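I opened the model to look up how its parts meet. My entries follow.

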Amino acid sequence: MKTKNLIFFGLISSFFLIFLVFIWKILATLQGLNIQNFNLQIVFIFGLLISFANLRIGNKIKIFYKSIIFSLIFVICDGYIIQKLPLWYNVGIFLVLYFFINKINKYSFEDLKQEHSTQVIFFDFLTLFGILFFSFVILFPFYMMLITSFKTQIALLVNPLDFSINFTQDLRDLFNSYFVIFKSYKFGKYIITSSIVSIGTVFITLFFAIPAAYAIARLNFIGKTFLSTSILIIYMFPAIVLVIPLYTIFSQLGLRNSIWGLLIVYTATTLPVAIYMLQGYFKSIPKELEEAAIMDKLSWFGIISKIIVPLSIPAISSVALYVFMIAWNEFLFSLMFLDNPNSFTLSRAIQYLSGDAETPRQYLMAGSVIVTLPVLFIFVYFEKYLVSGLTAGSVKG
Amino acid sequence: MNGTSDNILLNTTFTLKNFKKVLFDDEFVELLLTTFYYTFFGTVGSIIFGILTAQMVNQKFYGRTFMRSVLLFPYVAPVVALAYTWELLLDPNSGTLNSLLINYQVIETPINLLGQKYIEINILGFDFKLRLALTTVIMFEIWRYFPLAFLFILARLQAIPKELYEAADVDGASPFQKFFKITLPQITAVISILFMIRFIWNFNKFEDVFLLTGGASGTRTLPINVYQQGFAISDIGMGSAVSIVIVVLLLLFMFFYFKLLGKRVDEN
C-alpha cells in the first residue's frame, strides 16, 4: 500500500513539474529563444528524483536551502549542460523549480501512509494544475492581442514566434498601429459613436427601468404576473429572430445607419435585464419607509426619486455598468443596421477593417485592444458589484 | 415619371413557398445537425469546465479573487476582439499555434483549423472523420461561455453547508466520494437551469460563428442561415422563414425540457 502511494506521488508530482517547465518553455520560445524540443524525459526523471529526495530528507534541512540546492542542480544540468540557454531563461526555470519544491514540501512519509492519500494528492495537484492551465489558456489570447498590436508587419511575417517587444525604439514607432488606426481609419470617431450609443442606452434604459421595476415590485395592477413573466420571456427571446423584421421596419422608417435606431434596439434588449435586476433589489427595501412617505402625501414620483433611488444607488450603478457593457460589446445589430462607415460603432468598424484582406493584422489587434480595454477596466475595477449582479440577473450572451 | 406601389409590409398577399423551400431543402438535415452539434457540445463543454473551475476556485489559495476575475475575462470582453485574436492564433500561414507546433515538430504541415471541414483521425485502428472547423468553433464557444457556468456553480458551491463535509470526514469518506455523493447532488438543480439557458442561447448564437468562419467549411448553423438568406442573398422572406423555424424548434425544446424536469421533480 505504501509503495503504491509513493509511486503515485512521484508520478503525479513529476507530471506537474513537466507541465510547469512546458509552460515556461513555450513562453521562452515566444520570446525568440530557439527551443526545438522540451526534453521532457529529463524533466520527468528529475521530477521523480527531486520528489523522492525531498521525502527522504524531510525537515532535516531548512526548506529554503533545500529548494535552492535542488533548483540549482536542475538548472545546471538542464539549462547549461544540456541546452546552453541564456541567463534569463535559467532564472525563470530556477523560480519554477523553487515554486515546485515549496509545493511538494508539505507531503511527508506520514501523509502518504494515511487513508485516501492518493486521492488527496490527486486533488491537490489537480487544483494547482487547473489554476495554471486556466490562467494560461485565458490570458494567452489577451497577451497575444496586446503584443501583436506593437509589432510591425515584417516582424510578424519573418518570425511569428517572436513575441518580444523592442522597447529601445522610438515611442512613435512602438505605438505606430494606434497612430495609424486613429489617423487613416478614423477610430476616434468610432470611439465617440460607441460611447454616445452606450451611455445613451444606459440613461434611456434606467429612465424606463426604474419606474417599471418599482411598479412590479410594489404596486398591484391587472396583468402584473403576465407582465413580469413576459419580461423573462422577452429576455430569453433570440435576437437573431428579431433582426429581419427590425431591418425591414427600420429601412422603411429611415432609422438604419442612425444612432437613434441603435438606441431604440439596445434599450429594448437591455430593458428586461435591467427591470429584472432592479425589481429584485427594490423588493428588499423595507416597505415602512414608503408608508411614512405616503402619510406625508408624497406622490409616486416623489417616492421613487426621494426614497427608492437614493437607497438603491449600488444596484442602479451595477445595472448601469451592465447595460453599458452589453451596449458596448453588441455586434449583431450594429452589423445589420450600419453599412455607412460614418455611423459605425467600434465593433462594426473592426469587423469592417477585417473585411479588407489587405489590412495588416497589427491594426486589427490595435483596434481590438481599444475596444477591449474599457470593458476589462470597468470589470476589474467594479468587480465586486458586477459579480453579484451576474448571478442575480445574468447577462445575455 | 411618377408611380405608386403597395407597401410590401402592408399588403395581404401571403405564401407558404418559403417554408417549403426551407424545410425540403437538401441541406436542411445537415443544417439541423450542425446546429445541434454546435449547441449541444458547446453547452455540455462549458458546463463541465464550469464545474472544474468552480471546484478549483472554491478551494483556498493565494490570489483567489484575482483568479476569479481572470476566469470571467472571456465572458465580458467584446466578441469581435476575441474572435479576431483567435483567428490570428489559429491562422495556418503564420498563426502562433501552428508555428509553435511546427517548431516543436509535432506536425509537419500547418493545419487550417478554421478552414478545413474534415480531418482524418486514426484511433486504435479505426478511422474517424472529425468535423475540424466545427470542433474549433465549439472550442471557442466553450472558452467564451464557461465563465457563466463557473459563476452560477461557484455561487451554489459556496452555499453548501460545511457540516455536510465535516460529517463525511468523520465517516472517513474519500475526496472522490465527497464530490460525487455531496457536491454533485447539490449542484444538479443549478446545472439543469444552466443547461437550458445555455442551450437556448447557443442555439441562437450568431456572432461567434459568423466572425470566426462566416459559416464556411461545415459550420453553417441556423442563425448563420438566417443571415445568409436574408442579407447575403437578400431574400427577406426566406430569412424570416428560417427565423420562424428557429422559434418553433426552441419552443419544442422548452416544452420537452419542462416536461422532463417536471417528471423528475415528481419522482423525488
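This is a predicted model: local features need pLDDT of at least 70, side-chain atom pairs count only at pLDDT 80 or more; totals for chains, interfaces and linings use all residues.

Entry 1, the interface. I then looked at the side of domain 1 of chain A that touches domain 2 of chain A: three residues are nonpolar, one is polar and none is charged. Here Ala, Val, Leu, Ile, Met, Phe, Trp, Tyr, Cys and Pro count as nonpolar, Asp, Glu, Lys and Arg as charged, and the others, Gly among them, as polar.

Residues are numbered from 1 along each chain as its sequence is written, chains are lettered from A and ligands numbered from 1 in the order in which they are written, and side-chain values use heavy atoms, leaving out hydrogens and water.

I noted domain 1 (2-148) and domain 2 (179-392) in chain A, with bounds from an automatic or database domain assignment. Their centres, taken over C-alpha atoms, are 46 Å apart. Four residues of domain 1 of chain A are in contact (heavy atoms within 4.5 Å) with seven residues of domain 2 of chain A.

I found A:Asn5 in helix H1 (residues 2-29) of chain A; helices are DSSP runs (H or I) of at least four residues, numbered from the N terminus. Leaving aside neighbours within four places in sequence, A:Asn5 is in contact with A:Leu112, A:Gln114, A:Ser117 and A:Thr118.

Terms used: Helices (H or I, at least four residues) and strands (E, at least two) are DSSP runs, numbered from the N terminus.
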